[in-house]
Amino acid sequence: LRLINQLLDFRKMESGILALQVQKEDIIQHLQNILDVFVYPAKKKQINLLFMPHTQNLVLWVDIDKMEKILHNLLSNALKHTPEKGSVKLITNELSGVEAYKKYPGLPGPSVYSYIELTVSDSGPGIPEDKIGELFIRYRQIISSSRFKPDYGGSGIGLHYTKRLVEGHNGLICAQNQSEGGMAFPFILPLEDIYYENDKIT
């Protein structure tokens, strides 16, 4: 059912009719609620699931539905590809506009003075460095020597769909192999109110 909903949303995005619906939320509390859904599957694999927020509370305009879908995809992938007794982390940070533009070249949208950065990382096998640029390509699946496939469900749209959701929220996402092993998927969203009134739920 989740995959079917993704496909329907994906078609709406491709047609330009999947609109933002942002509302003021405490993003830190909301992230904790999302992470709680993954506690049981993490325990089944003896995976250490960590939430590392940079602050206790942070209120901003956010599309709750899209945030849930972004993190569900990233956390599902992380848990799937992390071996037993490994670790999966969700980390938050704040970046100035200058820091964000240096770290995320080609950042779309209007000039923004500050961003929240969210990173989902794992201790899985990672992928070859020369394949990272292909991770977000539609219908592309990458298989490394350790049989790593970055998209779950075999659809080949999971990470492409995630990328489009982030970009639709005036943000940007990238993928990195970590020096200590595993993958990291950091993405940023604006901290400021840059949204049109008809995008808001009040």
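Two strands count as paired if DSSP finds at least two bridges between them. Strands (E, at least two residues) and helices (H or I, at least four) are DSSP runs, numbered from the N terminus. The model is predicted, so local features need pLDDT of at least 70 and side-chain atom pairs pLDDT 80 or more, while totals for chains, interfaces and linings use all residues. Residues are numbered from 1 along each chain as its sequence is written, and side-chain values use heavy atoms, leaving out hydrogens and water.

**Exercise 1.** Describe how E2 and E4 pair, then sort the residues of E2 by face.

*Solution.* Start with the pairing: E2 and E4 run in the parallel sense over five bridges. Now turn to the faces. In a regular strand, side chains alternate between the two faces of the sheet. In E2, Leu49 and Phe51 form the covered face, and Asn48, Leu50 and Met52 the uncovered one.

**Exercise 2.** Find the buried residues of helix H2 and explain on which side they lie.

*Solution.* First, apply the cut-offs: buried means under 20% relative accessible area, exposed over 50%, and partly exposed in between (1.4 Å probe, protein chains only). In H2 (residues 27–36), the buried residues are Ile27, Ile28, His30, Leu31, Ile34 and Leu35. They share one side of H2 because they cover an arc of only 160° around the axis, taken from the directions from the helix axis to the C-beta atoms.

**Exercise 3.** Work out which residues and elements build the largest nonpolar core.

*Solution.* A nonpolar core is a set of buried Ala, Val, Leu, Ile, Met, Phe, Trp, Tyr and Cys residues joined through side-chain atoms within 4.5 Å. The largest has 41 residues, and Ile27, Met67, Leu71, Leu135 and Phe187 touch the most other members. Elements that each supply at least two residues include H2, helix H4 (64–81) and strand E8 (183–190). H4 gives the most, with eight residues. Apart from this core lies another, of nine residues, among them Tyr104 and Ile188.

**Exercise 4.** Locate the aromatic pair and classify its geometry.

*Solution.* Rings of Phe, Tyr and Trp (its six-membered ring) pair if their centres lie within 6.5 Å; planes under 30 degrees apart are stacked, over 60 edge-to-face, and the rest tilted. Searching the whole structure gives one pair. The centres of Phe136 and Phe185 are 6.3 Å apart and the planes stand at 90°, so the pair is edge-to-face.
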